[in-house]
Structures are given as C-alpha cells and as structure tokens.
Amino acid sequence: MTTPAPSIRIGIFGHDINSPQQRHGCCLWNAGYASCVEACEAVPVPIIKERHQSWEQSLNDLHGVLIVGHDQGQRLSVTETESLCVWARENLFPILAVDHGLHLLNSSFGGTTFQDVCREMPDALQHRHPPEPGLRHAINVEDGTRLAKIYGEGEIIVNSEHRRAVQRVARVFKPSALALDGIVEAIEAKDEDWFALGVQWHPASPSASGLDIQVFRGLIQAAEARFAMSSAASDGKRVVAA
C-alpha cells in the first residue's frame, strides 16, 4: 500500500472514547481513532459543527470523515449525523462509520436497525458479552467488495461487541460482511465512486488486531484519490481560464 500524504485531514465526528494510555491490540500505536489516523500518517481533526454552518463549511479543509459512536460514549445526534451522510453522498465525500455510526449511515437512506439483537433475534450468536470485554467472533467478508480489497476475502475475526445491529440494508448500500448467523457486520456504497463503508466492530480499540489499521488506510487512500481528482480539475479550470 502507498503511504498517505501527511496533508490529508480526516474529520472525526463523535466521541473518541479510548484513553491515550491504552495500546492498540497489536501494540504498535495507541488505541483510539485519532491515534489510528495518525498511524496512517494523516491528520485527525475533531468535527465541531456550529449551528449556522453548513456541512460544506464545516468540512471545508477536510478530505474524509469518520463517524463513531459507542454504547459507552455520548449519543450522536441523529439529525446532524444523517444530514452529514446525505451531504457526503451528494458530494462523494469519503466516509467510514463505526458501530452506531454504521446504523446512522444506514438509516440516513432508509435502512432499519435492530435495537436489541439478542432479544429480537434470539437465535443469533452472542454479539454482546459484558463479563468479557472485547468479544471476538468470525465474520465472512463478501467476495468482490471494497471491504474485501481492504481485509481480503473470506473469514476474519473481529472484536464485534454490540447490542444494536443492521436490520434492513438501505438500497444505496450492500452488505460486505456477515456474521455466521447472518447478522450484517459491514455495509458499503453500491456507487463505486463513493467510498462509504460502515463496520460493526471496533477497529481502533485495545482489543482490535493489527489488520484493522487497513480500514483507516482505505478511508485515507480514498480521501487522497478524491483530493487528487479535485486538484486536477481545479488546475484544468485555471488553464482554460488563462
């Protein structure tokens, strides 16, 4: 994989709950979303949107966005998050959504969510196990998906620990990973020009594996590609104008 340019700036929308003192599961960098973005040699930027600002104004100097949400953290604003997702699709802005961020990405375009997967799907595997934080189980990455390019096709093990889950996938997305019981563990945009990926597991937590850094690299590479295309288009306009 190519090394991302340090000038790429990734916005983080949501609360980064991991302590800087905790190490990522591979012990090569600190846990937390900002640390993972930095490990990929990009710049993490907390997103603080003012009420009078549009998303275009709030994300003006950014190249991609991470939407993060957890049971332990502050709840994401549904209205603000869904409006961000809609804006990102309209502008082909790269987006990676994690845990509750995944659910909001999906619901922004008509998808639905199980509020308690263990109660609503009693035959499902144990996706939540409070006595043992960092529950890990197998998922199958679908062939031919963007996620397969990031993780590789077939079965991988992830730290997927959650109460809510995708119930119906929105039409603009397709499932890119399923648990062995059929629960959707990842979705991605059908539009190949829009990098939009949502994952149910926690790739920045202390229980994540070294392989999980790939999902951040995928976002950053998509941000680089979009930035390069927009820069080339701007240069072309200047040449024509001259």
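Colleague: Buried means under 20% relative accessible area, exposed means over 50%, and partly exposed lies in between, with a 1.4 Å probe and protein chains only. At 41% relative accessibility, how does D61 count?

Modeller: D61 counts as partly exposed. This is a predicted model, where local features need pLDDT of at least 70, side-chain atom pairs count only at pLDDT 80 or more, and totals for chains, interfaces and linings use all residues. Residues are numbered from 1 along each chain as its sequence is written, and side-chain values use heavy atoms, with hydrogens and water left out.

Colleague: What does the side chain of D61 meet in a salt bridge?

Modeller: The side chain of R9, at 3.1 Å from N to O. A salt bridge here is a side-chain nitrogen of Lys or Arg within 4 Å of a carboxyl oxygen of Asp or Glu.

Colleague: Which parts does the pair tie together?

Modeller: R9 is in strand β1 (residues 9–13) and D61 is in the loop between α2 (55–58) and β3 (64–69), so parts 52 residues apart in sequence are tied together. Helices (H or I, at least four residues) and strands (E, at least two) are DSSP runs, numbered from the N terminus.

Colleague: How many salt bridges does the count come to?

Modeller: The count is 2. K49 and E80 also meet through their side chains, at 3.7 Å from N to O. K49 is in the loop between β2 (43–46) and α2, and E80 is in helix α3 (residues 78–90), 31 residues apart.

Colleague: New topic, α3. Which residues are buried in α3?

Modeller: T81, L84, C85, W87 and A88. They cover an arc of only 165° around the axis, which puts them on the same side of α3. The arc is taken from the directions from the helix axis to the C-beta atoms.

Colleague: What do the buried residues of α3 pack against?

Modeller: They pack against β1, α2, β3, β4 (95–99) and α4 (100–107); contact means heavy atoms within 4.5 Å. The face turned away from the buried side carries the exposed residues T79 and E90.

Colleague: Now the largest nonpolar core. Which residues touch the most other members?

Modeller: I10, L66 and F216, out of 35 residues. A nonpolar core is a set of buried Ala, Val, Leu, Ile, Met, Phe, Trp, Tyr and Cys residues joined through side-chain atoms within 4.5 Å. Helix α7 (residues 213–241) gives the largest share, 7 residues. Setting aside neighbours within four places in sequence, L66 is in contact with residues including I10, F13, Y33, L96 and F216. A second, separate core has 29 residues, among them L76, L102, V166 and W194.

Colleague: How many aromatic pairs does a search of the whole structure find?

Modeller: The search finds 7. Rings of Phe, Tyr and Trp (its six-membered ring) pair if their centres lie within 6.5 Å; planes under 30 degrees apart count as stacked, over 60 as edge-to-face and the rest as tilted. F13 and W55 are an edge-to-face pair, 5.5 Å centre to centre with 90° between the planes. F13 is in strand β1 and W55 in helix α2, 42 residues apart.

Colleague: Is F13 buried or exposed?

Modeller: F13 counts as buried, at 11% relative accessibility. W55 is buried too, with a relative accessible area of 6%.

Colleague: Which residues do ring pairs link into a cluster?

Modeller: F109, F173 and W194. Both F109 and W194 are buried.
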